[in-house]
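Please look through the sequence and the model shown here before reading on.

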Amino acid sequence: MHDLKARRWANVAAIYCFLLLLSVLFMGPFVFAFLSSLKDNPTEWPPSLLVNQLRPANWAASYRLAKQGGGNGFTGGMGPGGSLEFEVTYWTSPDQEPVPPDIVIPKRVQGGAVMALRVTHWAADYVQVADLEEVRREPSADGFLTTYRFRLVNTGDVALDTVPMDLTVPMRQQFVSATLSPNRIERLGRTQSWNNVSAGLLPYVFGNYARVFRENYSVSTGRGLFLLWIRNSVFLAITRVLTTLLFASMAGYALARLDFRGKGAIFAFLLFSMMIPQQVTFISNYLVLRDGVFGLSRLFGMPTLLNTYAGLIISGLVGASSVFIMKQFFERLPASMEESARIDGASTYTVFFRIMLPLAKPPLGALTILTFQGVWNEFFWPLVVITSPADKYPLTIGLLNLQRAYGSATFDWGPILAGTFISALPVIVLFIVFQQYFVEGISFSGTKG
Amino acid sequence: MKRLTLALVVVLLVSFAASAQQVRIGGHGGSDTIIVEEMIELFVKPALEGTGITVQYEPISDDFQRYIVNALSAGTAPDLFYMDIFWAGSLISSGVVEPLDEYIAKSDVLKAEDFIDTLVDAFTYEGKIYGIPKDFNTLALFYNKDLFDLAGVEYPSNDDTWDTLYEKLEKVAAIDPSIYGLALQPEYARFGALAHAAGFVPIGPDGKTNLSDPAFIEAFKWYTGMAETGVGVMPADISQGWGGGALASEQVAAALEGAWMIGVFKSDAPNMQYGATLLPKNPRTGQRGNLTFTVAWGMNAASANKEAAFKVLEILTSEEVQQWVLERGLAIPSRKALADNPYFLQDSAEAQANRIVFLGASDGNVLPYRFGQYGGEWMDPINQALSAVMSKQATVEEALAEAQAQLDALMGR
C-alpha cells in the first residue's frame, strides 16, 4: 500500500519535472529575447542576465535624475534652467593619483545621421558642467575609491529631451560605479558613455522600444511610422476576420445544408484549391491584381489593385480551409432545428442569421483567432503587393524596414529586437486569452490554420 | 448591357487621360527613405514647381535587386531606380535600362565629365552610359588610435607600404595576446583592394581569371600570412561578424572598411578615437589598389514619361543636392567638383575619413566591385580559399588550385 503511494508520487514528480522542462524550453527563448531587447548591446557575448535596465537602483536613479532636471520622472527630459546632480566613483592603485573625469556633453543622437536631421536643439549647446568636486576618498582592498560629484545645468531656455554624456579618465583609473550605470564603456575602460542622463524611467528601461517609435517617422507627414504600421496591421487583420467570418459561414452553410446543382463539384473544387500551395498561384494572383481583377477596379477609379489595401483584402476575402471548418460544423448540427424554423415560416436567410449563426459561436471564435493570427503574421503576400509609401506597410513589412534601417547599416540590433517583440505581443495575448478556441480550431479542422 | 459597356469605356478613357506626369523613383528602404524624402522636399519639389511633374519615392524594404528585377518584368517598376554596380550589368544587358547619352547631350546641367571617371565607367556598357552615380564608397584603412598609442607606434599614414604597415601592426599585436593588428575578413570585397594594388585584374582580356598570376599570389600570401603570424585575425575567430565589428570592439587595431564605418562608430563606439588613411601601397608596384562600391540612378526603358524622369534625375544628381548629402555626412558625392568642398577640410575624424574614402576612388588601380556577368559567384571560390588558408585547413597552393578549378568550371560554362 505504502509502496503504491510512493510510486504514484514519483510519477507525479516526474510528470511535473517534464512539464517544467518543456515550459523552460518554450519560454526560455522568449524570456531571453525580452531581456536582450532591453540591453544596450543585445548581441553581447557571453550573454549576461544582469541587465542594467532591470536594476532597481537604476530605475530610481533615472526617475530622480529626470525629476531633478525639471522633466517628468517617467518620460524624462531636461527643462529650461534644470539642474541634475551626478556622482561617479573610480578605483586607483596606491601609486596613482586619481584625476577628476573629463566631462563632455557630446553632439550625439541615437539613430545616426538620419535622426540628426530631426534634432532642433543639441544639449551640447546648452548644458554646462558645474561644481565638479571630490566628495569622498576611501581606501579599498588594494587602492583607493574616489568619488566625484558634479552638476549638469541647462543654461538655455529650451527643453531638451536627450542629454548624452561622456566621462573620460586616464588609463588605469578604473570605473567602479555611478549614479546611473553607463550605457557603454569604451576606449579600453577609459571612457564611460551615457545615451541620455535625463531619460526618465520608461525611456531608460525601455530604451530600444522608445527608439523604435521615435526614430521611424515619415518625412512627408512627420508621423511616427511604427504606430501606423501597428494600426495598419490591426485594420487588415480585423477586416479580414470580418470577411472571413461572413463568407466562410455563408459558404459553409450553403455547402452543408442547401441542395443545389453542382454542389459536389464546388466542394471538390474547394478541396482542390486547398491542395495548391500559395507559391503556384502567386504569379497569376499578382497579374490579376495588377490589372485590377480584369479591369473591374477601373470602375472604382483604381487602374490597379497593386499597392492598395483593397487588393490585399480582395485577394484574401476568405480561405478554403475556413469554409471547410464551417461546413463541417454545420453538418454536425441536427437538421430538426432548422426544420422547425422552416415550419414556422422562416426563410433561408432568417434560418441562417437567426438560428444557425448564433449556434456557430465556437467555430466562429476559432476562426477569428486563426484568421487574426494568420493575417497578423502574413509576410510574403503583403511584401509583394504593398510597396510604398512606408506609411502603408503592415507591421511585418515594417519590421523588414527596421532591419534595413538598423541591421544593414549600423548593426544596431536593439530596436529590431524591440520591434519584433512588440509585433509578437498581440498574438501571445490572443493565445493566452483564447487558448481553448485554438484547441477547438485544431479539432474542427484537423489541422492548424 | 450596351449602356454598361459604354460606361466602362468612358471610365477607361478618363482614367487614361488623368494620368499626370508623376515620376516614381525606387530605392532602398530604411534610412534611405528619410534621406531621399528629405531631398525631394528640399530640392526636387521647389525645382519642379509649375512644371506639373510630381515625384514619389517608393522605398523597398526587401532585397532591392530581387524587387527591381521582378518589377521590371511585371511592368510595375518605377521610372528611376537605384542600380548597384554589383548587379547593374545583368539589368543593362537585358535591355530594360534606358541609355542616357541622348538626354545628357541635350541637358545643360548634367554632364558625364563632371562625375568621377571610374564611377561613370562602371555604368558604361558598349560606349553608352546607363546610370548616373549618386554616391559611392571605397575602402580605407580605419584604425584605433588608442591601441597605437598604447603600443607606442606611429599611426598608419598615406606613405605606408605593405611592409611598413605590417611592422606597425606587428608591434600593436604584441601588446596583448587578445589584441590583433588587422581584421582579415575572408572576402574579396576587402582582400581584392590589395590584389589590385599588386596589379591583379579579376577578369583578364581573354575573359578568364588567372589565380596563378604572381600579383595575386603575392597579395594572397601577405593577407593570409598575417593570420598565421597572429598579426591579424579573422573576425569570426573573435566572435565578430565582420571587420568593422571587430574594430569597434577594440580587439583589432585596424580594418579595411568604407565610409559606412562612420555610422557604425557613431552607434556602437561613439567615443572611439579613430583615424583613416589610404590603403597601403604595394612595395613592388608602388601603387595602391581599391574597389569602388557605387549606386547609380538608372532609368526604366519602359517608362511612360522619360523626359520628366530625366528632369528629376538632373536635380537628384545636382551639385547642390550632393553637397547637402555630403555636409550631413550621409554619403560621399560622385561629383569631382566637390573634392574641394570645405566639409572635407574640417578637422573632425568623420570628415577626414570621408575625404580619404573620396580620394580612394582616384588613386592607383581602382576597379569597380563587379565581376562580369558572374556576380557574387565569381568571388565565392576566392572567399573560400581565403577562409580555408586562414583557418589552416589548406595550404596556399592547395586552396588556390581548388579555387582556380572552381572558377574555370564557372567561367567555362
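This is a predicted model: local features need pLDDT of at least 70, side-chain atom pairs count only at pLDDT 80 or more; totals for chains, interfaces and linings use all residues.

Q: Is chain A compact or spread out, judged by its radius of gyration and the globule rule?
A: Chain A holds 18 helices and 8 strands. For its 449 residues the globule rule gives 22 Å, while the radius of gyration of chain A is 30 Å, well over that figure, so chain A is more spread out than a compact globule. Along the principal axes, the C-alpha atoms of chain A fill a box of roughly 100 × 80 × 40 Å. Judged by its radius of gyration, then, chain A is spread out.

Q: How far apart do the C-alpha centres of domain 1 and domain 2 of chain A lie?
A: The domain assignment of chain A places domain 1 at residues 52-201 and domain 2 at residues 225-445. Between the C-alpha centres of these two domains of chain A, the distance is 51 Å.

Q: Which element of chain A gives the largest share of the side that touches chain B?
A: Where the two chains meet, 37 residues of chain A are in contact with 38 residues of chain B. On the side of chain A, the elements that give two or more residues are helix 3 (112-116), strand 8 (191-194), helix 9 (278-290) and helix 16 (395-408). By class, this side of chain A has 18 nonpolar, 11 polar and 8 charged residues. The largest share, 6 residues, comes from helix 16 of chain A.

Q: Are helix 11 and helix 14 of chain A roughly parallel or roughly antiparallel?
A: The axes of helix 11 (residues 320-332) and helix 14 (residues 361-377) of chain A come within 10 Å and cross at roughly 170 degrees. Because angles over 145 degrees count as roughly antiparallel, that crossing makes helix 11 of chain A and helix 14 of chain A roughly antiparallel.

Q: How many polar residues belong to the contact of helix 11 with helix 14 of chain A?
A: From helix 11 of chain A come Ser322(A), Ile325(A), Met326(A) and Phe329(A), which meet Pro363(A), Leu367(A) and Thr371(A) in helix 14 of chain A. Divided by class, the residues of this contact are 5 nonpolar and no charged, and the number of polar ones is 2.

Q: What is the handedness of the crossing in which helix 2 of chain B passes helix 13 of chain B?
A: Helix 2 (residues 31-48) and helix 13 (residues 306-316) of chain B pack with their axes 10 Å apart, at an angle of about 125 degrees, which means that helix 2 of chain B is oblique to helix 13 of chain B. In this contact Met39(B), Phe43(B), Val44(B) and Ala47(B) of helix 2 meet Val312(B), Ile315(B) and Leu316(B) of helix 13, and the residues divide into 7 nonpolar, no polar and no charged. The crossing of helix 2 of chain B with helix 13 of chain B is right-handed.

Q: Which helix of chain B gives the largest share of the side of domain 1 that touches domain 2?
A: Chain B is divided into domain 1 (21-136 + 293-345) and domain 2 (140-291 + 362-412), and 11 residues of domain 1 are in contact with 11 residues of domain 2. On the side of domain 1 of chain B, the elements that give two or more residues are helix 4 (85-93) and helix 6 (117-122). The largest share of that side, 5 residues, comes from helix 4 of chain B.

Note on methods. Residues are numbered from 1 along each chain as its sequence is written. Chains are lettered from A and ligands numbered from 1 in the order in which they are written. Two residues are in contact if their C-beta atoms, placed from the backbone, lie within 7 Å. Helices (H or I, at least four residues) and strands (E, at least two) are DSSP runs, numbered from the N terminus. Ala, Val, Leu, Ile, Met, Phe, Trp, Tyr, Cys and Pro count as nonpolar, Asp, Glu, Lys and Arg as charged, and the others, Gly among them, as polar. Axes are lines fitted to C-alpha atoms, for helices over the stretch in contact, and angles run from 0 to 180 degrees between N-to-C directions. Angles under 35 degrees count as roughly parallel, over 145 as roughly antiparallel, 65 to 115 as roughly perpendicular and the rest as oblique. A crossing is left-handed if the near helix is turned anticlockwise from the far one by less than a right angle, and right-handed if clockwise. Domain bounds come from an automatic or database domain assignment. The radius of gyration is taken over C-alpha atoms; the globule rule is 2.2 Å times the number of residues to the power 0.38.
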